[in-house]
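Please find below a colleague's note on the structure under review.

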Amino acid sequence: METVFLESPQGDEIKEVEATAVKLSPYLASGWHQVPAPAKHETVVLAAKEDK
Amino acid sequence: MANVNELMNGWGFGKQTAIGTANTAATIWRHTNLNTKPWAKVPVNEDDRAEIGKGHEFPTALFKSHYNMPTYEISKYASSEILAWGMAFSLGNVVVTGTGPYTYVIVPALGATNPTGLELPYFSFVQQIRPGGSAVLDEILVGCAIKGWKLSIKNSPGRASAMFSCECVATGQYTTPSGITLPAVATPHEFNAGMITALTVNGINYLTGGSGKQFVSMDASWENNFRPGFFPGSGTQDGYQIQGRFEWADRAFAIQFVVRVQSGSTEYSNLINQTTGTATITFTRDAQNSFTMTVQKMGFNVVELSNTDGIATLQITGVQLYDPTNGLLTVSVTTPQAGICQ
């Protein structure tokens, strides 16, 4: 499962999201945008797992 | 003198770091273009004919005004490369994954959350005829943006069955000679209508089943409706004012398509019942090259009985509604080209 890191529109949250159009659409449509992988991986919420 | 077929076009597949900072050669590709015209630069002079105090009504002097850059069309057969490029630069919110091929998932940026506000990514455009010491034309236009695009699909043989064209704008800033050595012309991975593997609109599958032989043609288009970019500090070129930004105004997304009428056609009932659903168009060339456009919520505005080349048809105008969860439109393109809009 390929994932990408997205940052919230407010810049206060980063999530790791499964890189499919279906999974990404709700995030991108509400203003999240791609960012490089953060250095501190533990701060990231794995959205793909949350969805399950 | 030179024939126009010597014209070479290249433009940034990567985005500029700022509107006034040109792409480097490493992020510029070279493509053919079905539009055979060069991109004209139009500096405009004004005069003093309206001013009194000269003793007569005639103009006596010229004044430099501004660069009035016309829009320029890049017209291509649809390919994974050009669709990824056009969608990314015109819609703005881009996610890329993969290590080759690369998959770009693209949606329209929102002004409230876009890191660059109402501005889309910018690219540079290079045009050359016999570049070198005695160039007929060699310039790089800096700060170009995509104003709109049109994707056309129709029942016909060959490359013309799937066409993609972009209307581009430029600030007026340029450098000549460009200082760019264009690479070899790219060989894009083109699509044609025979490669369509999904074509479903508002619950009607136009590839298989009862509606499998209905489809005739489709035109989808996007318009950013840029506002003029002249403002204090927008800049000058050769003493003429240039534009310093392109901000989208009310954007428009339109889809029109034509299908054959048949017994039990459900397009009318979809209109009358105000049925809405997704619309999905997919081209699949191979594992490296595919394109999917998903309209998240579409209804029908007009369904009009008509005649297309002697066949009874329905001409349908869609209404693309903004879905509260998934937004308006999602495009996913897989292509071997790295770095598009990055």
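This is a predicted model: local features need pLDDT of at least 70, side-chain atom pairs count only at pLDDT 80 or more; totals for chains, interfaces and linings use all residues.

The points that follow take up chain A, its interface with chain B, and then selected residues and pairs of chain B.

1. Architecture of chain A. Chain A contains four strands and two helices, and these elements follow one another from the N terminus in the order β-β-α-β-β-α. Of its 52 residues, 42% count as buried. Among the contacts in chain A with a separation of 6 or more, 50% are made by residues 24 or more positions apart. Chain A has an accessible surface of about 3000 Å², and carbon and sulfur atoms account for 51% of that surface.

2. Extent of the interface. Contact between the two chains involves 16 residues of chain A and 18 residues of chain B. The area buried between chain A and chain B is about 1300 Å², with 61% given by carbon and sulfur atoms. On the chain A side, the most area is lost to chain B by Leu28(A), Ala29(A) and Gln34(A), which together make up 39% of what that side buries.

3. Which charged or polar links are counted between chain A and chain B? The number of salt bridges between these chains is zero, whereas six residue pairs are in polar contact, both residues being at pLDDT 80 or more. At least two residues of the side of chain A that touches chain B come from each of β1 (3-7), α1 (21-29) and β3 (33-35) of chain A. The largest share of that side, six residues, is supplied by α1(A).

4. Helix α1 of chain A. The buried residues in α1(A) include Leu24(A), Ser25(A), Tyr27(A), Leu28(A) and Ala29(A). Just after α1(A), Gly31(A) adopts a positive phi of about 100°.

5. Ser161(B). This residue is placed in the loop between β9 (137-154) and β10 (162-169) of chain B. Ser161(B) counts as buried because its relative accessibility is 1%. A polar atom of the Ser161(B) side chain lies 2.6 Å from the backbone oxygen of Gly158(B), and a polar atom of that side chain lies 2.9 Å from the backbone nitrogen of Ala193(B). Leaving aside residues up to four places away in sequence, Ser161(B) touches Ser152(B), Ile153(B), Lys154(B), Ser156(B), Asn192(B) and Ala193(B).

6. Trp29(B). The C-alpha atoms of Trp29(B) and Val126(B) are 9.5 Å apart, although 97 residues separate the two along the chain.

7. Asn35(B). In the loop between β2 and β3 (43-47) of chain B lies Asn35(B), which is buried with a relative accessible area of 14%. Its side chain reaches the backbone oxygen of Glu73(B) at 2.8 Å. Apart from residues up to four places away in sequence, Asn35(B) touches Tyr72(B), Glu73(B) and Ser75(B).

8. Salt bridges. Over all chains, the structure holds six salt bridges. One of them joins the side chains of Arg130(B) and Glu6(B), at 2.7 Å from N to O. Arg130(B) is in the loop between β8 (123-129) and β9 of chain B and Glu6(B) is in the segment before β1 (8-12) of chain B, so the pair ties together parts 124 residues apart in sequence. Both partners are partly exposed, Arg130(B) at 40% relative accessibility and Glu6(B) at 26%.

9. Further salt bridges. The side chains of Lys147(B) and Glu223(B) meet in a salt bridge of 3.3 Å, N to O. This pair links distant parts of the chain, 76 residues apart, with Lys147(B) in strand β9 and Glu223(B) in strand β14 (residues 215-223) of chain B. Asp47(B) and Arg49(B) also meet through their side chains in a salt bridge, at 2.9 Å from N to O. Asp47(B) is partly exposed, with a relative accessible area of 26%, while Arg49(B) counts as exposed at 51% relative accessibility.

10. Nonpolar surface patch. Val261(B), Tyr268(B), Ile272(B) and Leu305(B) form a nonpolar surface patch of about 390 Å². Of these, Ile272(B) belongs to helix α2 (residues 267-272) of chain B and counts as exposed at 64% relative accessibility.

How values were computed:
Residues are numbered from 1 along each chain as its sequence is written. Chains are lettered from A and ligands numbered from 1 in the order in which they are written. Side-chain values use heavy atoms; hydrogens and water are left out. Patches are made of residues with over 30% relative accessible area and no salt bridge: like charges are joined within 9 Å, nonpolar side chains (Val, Leu, Ile, Met, Phe, Trp, Tyr) within 5 Å. Accessible areas come from the Shrake-Rupley method with a 1.4 Å probe; for residues, only the protein chains shown count as cover. A salt bridge is a side-chain nitrogen of Lys or Arg within 4 Å of a carboxyl oxygen of Asp or Glu. Buried means under 20% relative accessible area, exposed over 50%, partly exposed in between (1.4 Å probe, protein chains only). Contact means heavy atoms within 4.5 Å. Buried area is the accessible area (1.4 Å probe) that two parts lose on being put together, summed over both. A polar contact is a pair of N or O atoms within 3.5 Å; within protein, one must be able to donate a hydrogen and the other to accept it, and residues adjacent in sequence count only if both atoms are side-chain atoms.
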